[in-house]
Amino acid sequence: QYNLFKGNGKVNFLGLINRLNITFKKAEAEDMLLVYNWSNDELVRKNSYDSNEIKIEDHKKWFFQKIKDKQCLFLISLVNNKPAGIVRFDIKEEYAIIGILVSKEYRGKKLANDFLKKSAIEYFKNNTSPIQAYIKKDNKASIKAFETAKYIYAKEEMIKGCISFVYKLEKEDVKR
């Protein structure tokens, strides 16, 4: 009990409860505005490869293309049946690229690694190609979440002028 609750008992306790109630639903048309607002959050923009604010017209076009795309698994993460973030897999021929966002209201509760672990199980139900994550070198929270979720560091790469780390997860690395 001491190790679980020392220092920040309320957050740790909520995190423990929430971890037991993480589910996903496929993104649908009615999620467009919610995802738009989350995507324009200051921290999300800072950690994105394009840090400019997203215009609603651009987001709308992009969002509806993504939810119709058979090569995209676009999930809304739910905590206790309430929207808490997104996990998106853009499926390529040899691998899928993962993107994750935890809404501001749910940050700091150590949910990202659970979103990553559980969404990988969903992805691998119908796919066998590995998952790759591209993370800016200074995005320490994402790096920690992916490492905790058992993603393996693959390489360093320059992406849109940013030094980035590439992490990878194979189907056989996912514990069921």
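A residue is called buried when its relative accessible area is under 20%, exposed when that area is over 50%, and partly exposed in between (1.4 Å probe, protein chains only). The views below show a predicted model, in which local features need pLDDT of at least 70, side-chain atom pairs count only at pLDDT 80 or more, and totals for chains, interfaces and linings use all residues. Residues are numbered from 1 along each chain as its sequence is written, and side-chain values use heavy atoms, with hydrogens and water left out.

**View 1. Ser 119 is a buried residue of helix α6.** Ser 119 counts as buried because its relative accessibility is 0%. Contact means heavy atoms within 4.5 Å. Apart from neighbours within four places in sequence, Ser 119 is in contact with Phe 24, Leu 75, Val 87, Phe 89 and Ile 98. Other buried residues of α6 include Phe 115, Leu 116, Tyr 123 and Phe 124.

**View 2. The open sheet has seven strands.** Helices (H or I, at least four residues) and strands (E, at least two) are DSSP runs, numbered from the N terminus. Two strands pair if DSSP finds at least two bridges between them. The strand order is β1-β2-β3-β4-β5-β7-β6, and the pairing is mixed. At the edges lie β1 (22-26) and β6 (152-159), each of which pairs on one side only. Axes are lines fitted to C-alpha atoms, for helices over the stretch in contact, and angles run from 0 to 180 degrees between N-to-C directions. With direction ignored, neighbouring strands of this sheet are turned by 30 degrees against each other on average.

**View 3. Strand β3 pairs with β2 and with β4.** Eight bridges join β2 (residues 72-79) to β3 in the antiparallel sense. Strands β3 (residues 82-91) and β4 (residues 96-102) also run antiparallel, with seven bridges, and a hairpin of four residues joins them. Gly 85 of β3 is the bridge partner of Ser 77, and Gly 85 also stands opposite Val 102 in β4.

**View 4. Strands β4 and β5 (residues 131-136) pair in the parallel sense.** Three bridges hold this pairing, and Ile 97 stands opposite Gln 132 in β5. From β4 the chain crosses through helix α6 (residues 112-126) to β5, a right-handed β-α-β crossover. Right-handed means that, with the strands pointing away from the viewer, the path from the first strand over the helix to the second runs clockwise.

**View 5. Helix α7 (residues 140-148) lies across β4, β5 and β7 (162-169).** Helix α7 runs at about 155 degrees to β5.
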